[in-house]
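Please open the structure in a viewer and keep the selection panel at hand.

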Amino acid sequence: MSGSQDPELLRRLLRAKDRMDAASHEEWPVERLARVSLVSEAHFARSFRDAFGLPPHRYLLTRRIERAKSLLRDTDVSITDIAFQTGWKSLGTFGRTFRDITGESPGDLRARERAAQHALEQVPHCFVSAAHRPDLNIAVSEKRRQEAGDINVPTKKEVP
Amino acid sequence: MTQGVQVAGLYVRDQEEALQFYVGKLGFRVHTDAKNGDYRWLTVQHPEQPSFQLGLYTPGPPILDAATAQTLREIVAKGAMPPLVLEVDDCRAAYDRMRGKGVEFTQEPVTRYGSTDANFRDPSGNGWKMIEARKVVS
């Protein structure tokens with residue numbers, strides 16, 4: 001666990017998190033985030049993880065999946081368009097990552113959500129959306145490996 | 001109305017800075033500003049909501065010990081305090097006005113399902129959602 005962190009630094013790290021929230025479809029390499037927070041790249045990655053409990057690229061992934069789920073649920077935008085709108089460069093990567101994280105394919109989620117009734121209209125949209133954010137407490141590659149139950153699967157480096 | 005919530009408070013990193021923000025940029029009014037030594041009881045009000053006060057407090061002695069105060073300052077700066085919602089008549093106009101005064105917006109106005117909302121933060125990190133409710137057609 002992390003120890004105490006300087007509130008002034010945390011406020012600047014929050015700004016980087018806010019920027020990812022506002023434009024999760026964009027690319028957010030560490031150097032860009034570090035610039036927003038006015039800290040060095042090495043300092044940024046570690047401080048962000050200490051502050052928010054997960055590395056910045058994984059946080060970005062949770063926001064992209066959250067947004068994709070929201071679009072699947074609430075719009076008729078095609079799955080291909082959703083993939084590109086939420087920041088993926090290929091439909092295949094989107095579908096695979098989405099399934100690895102949520103446990104179902106984008107199409108299955110859409111069909112299931114459509115069938116369900118929602119009583120959430122009184123809750124502001126962003127809070128409803130946040131409630132659907134995946135709790136990505138391990139790397140996607142690790143999650144994949146655990147689910148495959150195969151220790152021989154090579155670990156691929158995590159890419160947002 | 002004589003019964004109901006009278007005061008709900010926020011932790012801020014600096015009361016003077018918070019006062020400048022809520023009064024100078026958001027258009028709230030000071031309701032009570034009472035100092036006693038290091039302690040300052042500061043509440044502000046929305047001009048159209050005279051029955052409710054928003055308290056602006058710094059965590060610290062004599063109410064809280066130094067370690068607890070530090071923890072709270074960190075939590076506020078991380079934006080982890082509960083969400084706040086401000087209702088407005090015209091979200092885009094309020095956005096333009098507040099942005100012109102230097103308010104840090106974290107989401108531009110977006111219209112969905114007939115209502116428009118934007119997000120901003122106070123200097124301490126407290127997050128606000130500003131909502132223009134859907135107009136009810138009767």
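In this predicted model, begin by selecting the strands of chain B: four of them form an open sheet in the order 1-4-3-2, and the pairing is mixed. Next, colour strand 1 (7-11) and strand 2 (29-36) of chain B, the edge strands, each of which pairs on one side only. Viewed across the sheet, the twist from one strand to the next averages 25°.

Which residue of strand 3 of chain B stands opposite B:V30? Display the side chains, and B:V44 will be found in that position.

Finally, display both chains and select the contact between them, to which chain A gives 14 residues and chain B gives 16 residues. On the chain A side, highlight helix 1 (7-22) and helix 8 (125-131) of chain A, the elements that give two or more residues to the side touching chain B. Helix 1 of chain A supplies the largest share of that side, seven residues. Colouring the side of chain A that touches chain B by residue class then shows eight nonpolar, three polar and three charged residues.

Definitions and conventions: Residues are numbered from 1 along each chain as its sequence is written. Chains are lettered from A and ligands numbered from 1 in the order in which they are written. This is a predicted model: local features need pLDDT of at least 70, side-chain atom pairs count only at pLDDT 80 or more; totals for chains, interfaces and linings use all residues. Two residues are in contact if their C-beta atoms, placed from the backbone, lie within 7 Å. Helices (H or I, at least four residues) and strands (E, at least two) are DSSP runs, numbered from the N terminus. Ala, Val, Leu, Ile, Met, Phe, Trp, Tyr, Cys and Pro count as nonpolar, Asp, Glu, Lys and Arg as charged, and the others, Gly among them, as polar. Two strands pair if DSSP finds at least two bridges between them. Axes are lines fitted to C-alpha atoms, for helices over the stretch in contact, and angles run from 0 to 180 degrees between N-to-C directions.
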